[in-house]
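I opened this entry to keep track of what I looked up in one chain. The notes follow the order in which I checked things.

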Amino acid sequence: MRTEAVRAARTDDADRRSGWDPDVDARLAALESPVRDVLGPALEELSDAERITIVPDVHYPFHPSSGMVTDPAVVGAIVARLEDRTDAEIAVAGATDDRIDFDRTAEYLGYPDLLERFDATLVDLADEPRTGGLSGVEDEPVALSVPTRLAEDAVVVVPSLRPTADGPVAGAMRTLAALVDCDAGADRAPVAVTRSVEPTLAVLDATVAYGGDPIAADALFAGSAPAVDAVATSLLGRSLEADPVLSATRRTDDPVTVDGAGVDVDRLRGRISDGALPPSDDPHPAVTTAYRLYAAVAGDAVPPQLEGGR
């Protein structure tokens, strides 16, 4: 039995109010010290990288205060720290698919303006060349088509703390798998992709968590992708043994410890609701009305879940 440690840091203190702050400059400043703490020893492994690709959770244009996507300020704070301590070329990546246009989603979330502060680029992996390969899951080969950038770069995955629509945690492995073409099902693809890409680090954005309702969790966690996903699963009140992705990547009797002053995991777990995602086809009427008004003024599109679609 081996013990794997996940580093943790609080993102609030006596001098900063807990909860969502709409001022991105204030969020960046508040995150500087916590990001430095959780990156810790991983900077040694990243220091020799020529290119680093950061993969946040940008699966849909939800507002970051919902906890349903990674807060861009967390990504910005990570970029700032990496630029300070490495000479690597840094990219923030997502991918256009049949649900979202990545550039448009990134614009909605504020990534272009944010990354203008840094020497970092925004990359749509749907436009990138791909590398074919095989990965194994339970001694069976799985064919993959991996964006070459993910196959060759040092990769840092930054998931939000939320469940998937089916119940298990979204996590780092599933966030990464969404960017790779794979001939395996949902229970095997994240395992195959994680083993193929071998991300250097996962940083869990738990500044705001979603477990039925958004909650100011005010924490960051960092470590290997399976270990971070195990912590996220525990925080959401899910069973590690019931998640086939976790059971395939780590022994369920191998404990994960959380190291970080001021982060009370048990208390945080008790504060996060164990509810599911809201139904995509049944939003509150006030949400639909408000977004239609916004869309009419801004010329934006109304998201499909607000029009009764999926």
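What follows are my notes, from the whole chain down to single residues.

**Ground rules.** I am working with a predicted model, where local features need pLDDT of at least 70 and side-chain atom pairs count only at pLDDT 80 or more, while totals for chains, interfaces and linings use all residues. Residues are numbered from 1 along each chain as its sequence is written, and side-chain values use heavy atoms, with hydrogens and water left out.

**Whole chain.** I took helices (H or I, at least four residues) and strands (E, at least two) as DSSP runs, numbered from the N terminus. The chain has twelve helices and twelve strands. I then looked at burial, where buried means under 20% relative accessible area, exposed over 50%, and partly exposed in between (1.4 Å probe, protein chains only). Of the 310 residues, 50% are buried. The accessible surface is about 14100 Å², and 47% of that belongs to carbon and sulfur atoms; the areas come from the Shrake-Rupley method with a 1.4 Å probe, and for residues only the protein chains shown count as cover. For contacts (heavy atoms within 4.5 Å), I looked at residues at least 6 apart in sequence, and 72% of these contacts join residues at least 24 apart.

**Cores.** I counted as a nonpolar core a set of buried Ala, Val, Leu, Ile, Met, Phe, Trp, Tyr and Cys residues joined through side-chain atoms within 4.5 Å. The largest has 52 residues, and Leu-150, Leu-161, Phe-221, Leu-235 and Ile-272 have the most contacts inside it. Helix α9 (residues 225–235) gives the most to this core, seven residues. Another core lies apart from it, with 39 residues, including Leu-31, Val-35, Ile-52 and Val-74. As a general note, nonpolar side chains in soluble globular proteins tend to be buried together.

**Strand β11.** I checked which strands pair with β11, two strands being paired if DSSP finds at least two bridges between them. Strand β1 (residues 4–10) is antiparallel to β11 and joined to it by four bridges; Arg-7 has Ala-222 as its bridge partner in β11. Strand β10 (residues 201–210) is also antiparallel to β11, over eight bridges, and there Ala-206 is the bridge partner of Ala-219. β10 and β11 form a hairpin with three residues between them, and Gly-212 in the turn has a positive phi of about 125°. Is β11 (residues 214–223) mostly covered or mostly open? Nine of its ten residues are buried.

**Helix α1.** This helix (residues 24–39) has 16 residues and reaches 21 Å from its first C-alpha to its last, close to the expected 22 Å, where the expected span is 1.5 Å times one less than the number of residues. I found a kink of about 40° at Glu-32, shortly before the proline Pro-34; the bend is the angle between axes fitted to the seven residues ending at a residue and the seven starting there. The buried residues of α1 are Arg-27, Leu-28, Ala-30, Leu-31, Pro-34, Val-35, Val-38 and Leu-39. Their cover includes β1, α2 (42–46), α3 (72–85), α5 (111–115), β10 and β11.

Why do I call α8 (residues 189–197) largely enclosed by the rest of the structure? Because seven of its nine residues are buried, namely Ala-189, Pro-190, Val-191, Ala-192, Val-193, Thr-194 and Val-197. Phi of Glu-198 is near 55°, positive in a residue other than glycine. Asp-218 in strand β11 likewise has a positive phi near 55°, but at 7% relative accessibility Asp-218 is buried. For reference, most residues other than glycine have a negative phi.

**Two single residues.** Thr-175 is in helix α7 (residues 171–177) and is buried at 9% relative accessible area. Beyond its neighbours within four places in sequence, Thr-175 is in contact with Val-55, Pro-56, Asp-57, Val-157, Pro-159 and Ala-170. Ser-273 lies in the loop between α11 (265–271) and α12 (285–298), and at 31% relative accessibility Ser-273 is partly exposed. Not counting residues up to four places away in sequence, Ser-273 touches Gly-211 and Gly-212. Ser-273 is 38 residues from Leu-235 in sequence and 9.4 Å from it in space, C-alpha to C-alpha.
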